[in-house]
Amino acid sequence: RDVTVHFLTGDAEQRDMLRRAGLPCLSAATEEWTAEDIRALLGAKVVALSDNLHPLSLGPQVYGMLRGAKTVQLWHGIPVKEIGMRYILRGDKVILDELLASSGEFDIFTAPAAAAREEWAQRFAFRKFAATGYPRNDVLFREPAERDLLGVDRETLALFENARREERLTILYAPTYHDDAGARWFMQAGIDVVAEQARAKGYEFVVNLHPYEQILLDELRARCPGIRFVAAGTDVYPLMRLADVLVTCYS
C-alpha cells in the first residue's frame, strides 16, 4: 500500500539483529541519527506501540519527534488487573505523572474482544477501540517463518522441537510480574520441586520470567540450578506453540 515501515528500538543488540535480517530499524540513540532518520521520525504518520509511549520509554527526544503521529496501541492481555489508570487506586509506590503519561490517550486501542471495551476504558485513554485480536498471536496458528524467529531463544526452541520429535512432554511456565516480591515468591512457590518432578518423568520444563523480573535470572539460576529459564529479552510466542502444557496467567 505504498507504506514505508521502520522498527524503532532503544536496544542496540535488537537493532543490529533487525538490520542483519534486512529490516529497516531506527535507533532511539540521538547520536546515531542521520538526516534521513530525523525525517523518518518527524514524518511518521502512525506509531504502532506494543507497550507504551511516554517521555521515559525511549527518551524525550524520540517522544517529541513522534508526537504528531497517530498511535495504535497493540497491548496484551485482558483487563482483569489493576493497571494503567486503575492502578492509581492502589496508591503503593505509584509515580502518578509517569503512570498517567503512559496510559494514553491513544488513537486506537486493540483487544481480542469487543465486550471488554468498557473495562479497558477504565485503564487506558483511547479514541477508538478495535477488537482485531492481537497480531502477536498469529504465529501460534502457523509454522513460523525465519523472521518469526528473530529474537527467539534458539536453544530452548531446539530443546522443545527435539522433545516433540521424541514424543516427550514439554511444559512452559510463564508467570506474570509479582510487583516488588523479588525472587521470594518464586522460591515460596516451590517451582524447583515441580522442575525436579518433571525431570524425573522425562518432561522438558522451562520457565519464562516476566520481562520486569528477568533481572533476577542470574540469582534464580544460582539458587535453582535444576531449572531451565528462557533467555532474557527474547520472544516467547514461538515457544508457546510448541508447549504441550502452558502454565500462565491472565495475559
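Which residue in β9 is the bridge partner of Val207? In this predicted model, the bridge partner of Val207 in β9 is Phe229, and the strands concerned belong to an open sheet of four strands with parallel pairing. The points below begin with that sheet and the helices on it, and then turn to the nonpolar cores.

**The sheet**
- The four strands of the open sheet are arranged in the order β9-β8-β7-β10.
- Because β9 (228–229) and β10 (245–247) stand at the edges and each has a single partner strand, one side of each is left without a neighbour in the sheet.
- Strand β8, which covers residues 204–207, runs parallel to β9 and is joined to β9 by two bridges.

**Helices on the sheet**
- Helix α6 (residues 154–165) packs on the sheet, where it touches β7 (170–173), β8 and β9, and its direction makes about 155° with that of β8.
- Helix α8, made up of residues 191–200, lies across β7 and β8 and runs at about 155° to β8.

- In soluble globular proteins, nonpolar side chains tend to be buried together.
- The largest nonpolar core has 23 residues, and those touching the most other members are Trp75, Phe109, Trp120, Phe124 and Phe126.
- Two or more residues of this core come from each of β3 (46–49), α3 (60–65), β5 (106–110) and β6 (126–130), and α3 gives the largest share, three residues.
- When residues up to four places away in sequence are not counted, Phe109 touches Gln73, Trp75, Trp120, Phe124, Phe126, Lys128, Phe129 and Ala130.
- A second, separate core consists of 18 residues, among them Ala183, Phe186, Ala198 and Leu209.

Note on methods: Residues numbered from 1 in each chain as written. Predicted model: local features only at pLDDT ≥ 70, side-chain atom pairs only at ≥ 80, totals over all residues. Heavy atoms only, no water. Pairing = 2+ DSSP bridges. Contact = heavy atoms within 4.5 Å. Axes fitted to C-alpha atoms, helices over the stretch in contact; angles between N-to-C directions. Core = buried A, V, L, I, M, F, W, Y, C linked by side-chain atoms within 4.5 Å. Buried < 20%, exposed > 50% of the residue type's maximum accessible area, 1.4 Å probe, protein only.
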